[in-house]
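Work through the exercises below with the sequence and the 3D structure open. Each task is followed by a solution in steps.

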Amino acid sequence: MSGATRDKNVYEDFEPRTDTLFFKVDSSHGLVSFHGRNYNIKKRLSADERNRLMSDAAFFRLDSNCYVNAGKISRMEDDAICFGDTNKRIPCSKRKQQMILNLLSSSARISGS
């Protein structure tokens, strides 16, 4: 592990696109719960900030309030998405898993072109 990664304090230098495995939105209170490798952070965001985050192409809408960082998915198994070397898993239907696989394969084709 590099020193730069080890020295980063995700609570102070938090970047949702790179640090988040998935997040959940509570629109009624303006809170977003970010779930990372070894942390959960709740932040109050404005409606504009929430909308920008929810429309970010890095995140796939899993259900009405849950978005996963497609680039952080390491595998899919038994109706669940798994992230990297963590034991964090999130339930996901086979249909949604196929949609994510299609998204990842099309983005790989675009970046490989």
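**Exercise 1.** In which sense do strand β6 and strand β7 pair, and over how many bridges?

The model is predicted: local features need pLDDT of at least 70 and side-chain atom pairs pLDDT 80 or more, while totals for chains, interfaces and linings use all residues. Residues are numbered from 1 along each chain as its sequence is written, and side-chain values use heavy atoms, without hydrogens and water.

Step 1. Strands are DSSP runs of E with at least two residues, helices runs of H or I with at least four, both numbered from the N terminus. Two strands pair if DSSP finds at least two bridges between them.
Step 2. β6 covers residues 73-77 and β7 residues 80-83; they pair in the antiparallel sense over four bridges.
Step 3. M76 in this pairing stands opposite I81 in β7. Two residues lie between the strands of the hairpin, where D78 takes a positive phi near 40 degrees.

**Exercise 2.** Give the strand order of the five-stranded open sheet, and state which helix packs on the sheet.

Step 1. The order is β3-β2-β1-β5-β4, with antiparallel pairing.
Step 2. β3 (40-44) and β4 (59-63) are the edges; each has a single partner strand, so one side of each has no neighbour in the sheet.
Step 3. β1 (residues 22-26) pairs with β2 (residues 31-35) over five bridges, and V25 stands opposite V32 in β2.
Step 4. Helix α3 (residues 47-54) packs on the sheet, touching β1, β2, β4 and β5 (66-69); contact means heavy atoms within 4.5 Å. The direction of α3 makes about 140 degrees with that of β1 (axes are lines fitted to C-alpha atoms, for helices over the stretch in contact; angles run from 0 to 180 degrees between N-to-C directions).

**Exercise 3.** How many aromatic pairs are there, and which parts does the pair of F14 and Y39 tie together?

Step 1. Rings of Phe, Tyr and Trp (its six-membered ring) pair if their centres lie within 6.5 Å; planes under 30 degrees apart are stacked, over 60 edge-to-face, the rest tilted.
Step 2. By this rule the count is six aromatic pairs.
Step 3. F14 and Y39 form an edge-to-face pair, 6.2 Å centre to centre with 90 degrees between the planes.
Step 4. F14 lies in the loop between α1 (3-7) and α2 (16-19), and Y39 in the loop between β2 and β3, so the pair ties together parts 25 residues apart in sequence.
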